[in-house]
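Hi,

Here is the structure I promised to pass on to you. Have a look at it first, and then read my notes below.

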Amino acid sequence: MAKNFTVIAPNAHRCSLTAVANDRLDQVLETACLQLGFDFDCHDLSHNRKILNGADLVRLSGLANNATLEMVPAKRNKAIPQQVDVAIQLISGRWTRKLQNDTSILDMLKECGREHSEVITVDCDEGVPVCTYLQKPVKGELELANTTLKDLGIYSGTKALFRYTTMILTKQQRAGLADEFQRKEAARAELMKKYEATRAANRQKEEIIRKREEAYDEERRIQALRIAEEEERATKEAEEAAAAQVAVEQEEPSVAPEASVSNARIEYLQSLFSQVDQGQFIPDVSSIVPAPPEPVNNMFPLVNFKFPNSKPTPPKVSAPVVPLHPDAKKSRVESTALPHPPAPCERMARYYVPDPNVSAEVAEGFFDPTTDDLQARQAELSRQAKAEAPLAFGNFLEEENRRRRDAAYLHTVIKFKLPDQNFLQANFISVERTSALYTFIRETISVPEGVSLSLIYCSQKIPDSDANTLVMANLAPTATVIVSVIGARMKLNENLSTSSQFQVEEIAKEWLCSNTVYTPITQLYEDGNTANGNQPRAKKNVLAKLMGKRGK
């Protein structure tokens, strides 16, 4: 039964082939290489990332119909002659020998005929020599002379067994064998012409791609040099500007503070007088009387206190010009990153066995939202969006809610559910990173190297990184985390304290007493303002209140 295959070349081109059951996979590869213009000796066939043996027959390869095969680089060069073990089964016995795989079948028969007289190597009236390998016969002197062991897919590490027979044919039948061989050679010559043209086109495309890659690398190198020169020039200009600024400051004469303040006041008053109508009386600058001193508060004498001989505030010096840097965007991103994590607090780790009379554990998937919950929530949000209008931008609300949540949840209590169904409680600061959970577990539980350790919360794995805090991971102020250890048994440290569930809850209450209530703000109007028709005024008042709080 014939099977269809699709072969994909390294340049992503593909071709469709049809092979019969007794065809070898090497024949499929050779036909694909001739059509796509690739070297047969430098490639192999692979299926599902597995290299296929070219000597296997299609019916024994296990490949399904319409399978997709890939051409991959061969691990060894097939063009190099290799030594193989061959055997010929005769009527009188079996002949074995080690030969090179570039030896023709006719030469192998001639070497066997030196020891066994029953072997004939020429076409005659007595018969035509026939060698059968894997149920495929090679008949006639002409075909035997032009077929090598390599053509049959025999390479190093392969043991091949041939069966030798003779077939009596008439002259017309022997001539028919020669004609059939000529037709096969003519078809192969046509494929070789197409192969040469396709191979030349492939080499031309590879040359174009290579030149493009070289041009791209050269452009990147020139761009890097140009950026380096610009950075060096900008740094040099900044240093020169800073040096000039320092020199100017050193050359300026020192001015008494009182004189500079009075001169500035006179100049300001003169600018005001110049704007007054010329018909009005303009007093002389010298006649300006300074403002009377502020009255002294006898009840609170320290209200008007000033340090004696206080030095005036030095003038602000403009910062030197900072050169443009290609990593300016990166520096801005780093400036908005999370602050440095605080020092770990006292964990107060307690190991306890849950009391069945106190509380019952909730199933793991209890809090997972169902389809009905999501549909109901979506309908509720749609009604709110239609009935109420937005108040502030989403990024402002997120920032304000994050600030309120961080200010409300200062401390966090984490309960770790261990594989033995018991619990381990510990105290954390809410701004600590999620990696602190993994560090605590590794210090408390003996976990061998190479063992997979996972912390799961609400069916999601908590990342072992410094990118998120406990508040950002929704673990504050309290959370129950499942500890998953795969590949080893859990073993607690000997110095771990054991307590009752009541004592553990008292420790948690004492640690969480510093937290406050978190009240998030929403971006929607209140129902009273909307119903009374005061919607614009309510929006203005509430937005002003929020912006005022943010400014403080």
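Asn401 is part of helix 8, which spans residues 394-408; helices here are DSSP runs of H or I with at least four residues, strands are runs of E with at least two, and both are numbered from the N terminus. Is Asn401 buried or exposed? Asn401 is buried, as its relative accessible area is 14%. Buried means under 20% relative accessible area, exposed means over 50%, and partly exposed is in between, using a 1.4 Å probe and protein chains only. Apart from neighbours within four places in sequence, Asn401 is in contact with Tyr518, Pro520 and Ile521, where contact means heavy atoms within 4.5 Å.

A word on what you are looking at: this is a predicted model, in which local features need pLDDT of at least 70 and side-chain atom pairs count only at pLDDT 80 or more, while totals for chains, interfaces and linings use all residues. Residues are numbered from 1 along each chain as its sequence is written, and side-chain values use heavy atoms, leaving out hydrogens and water.

The chain has 12 helices and 15 strands. Of its 552 residues, 28% are buried. Among contacts with a separation of 6 or more, 70% are between residues 24 or more positions apart.

Now to an open sheet of six strands, with mixed pairing and the order 10-12-11-15-13-14. Two strands pair if DSSP finds at least two bridges between them.

Six of its seven residues are buried, so strand 11 is largely enclosed by the rest of the structure. Strand 11 (residues 411-417) runs parallel to strand 15 (residues 478-486), and five bridges join them. Here Phe416 stands opposite Val481, and Lys415 has Thr480 as its bridge partner. With strand 12, strand 11 pairs in the antiparallel sense over seven bridges, and Val413 is the bridge partner of Asn427. The hairpin of strand 11 and strand 12 has five residues between the strands, and Gln421 takes a positive phi near 70 degrees there.

Elsewhere, look at strand 9 (residues 159-167), which pairs with strand 5 (residues 83-89) in the parallel sense over five bridges. Gln89 has Arg163 in strand 9 as its bridge partner. Strand 7 (residues 128-133) is also joined to strand 9 by five bridges, but these two run antiparallel; Pro129 is partnered with Thr166.

Finally, how confident is the predictor? The mean pLDDT of the chain is 77, and 75% of its residues reach 70 or more; pLDDT is the predictor's confidence in each residue, from 0 to 100. Over residues 277-282 the pLDDT is below 50, and this stretch has one contact beyond near neighbours in sequence. Residues 317-336 also have pLDDT below 50, with 13 contacts beyond near neighbours in sequence.

Enjoy exploring!
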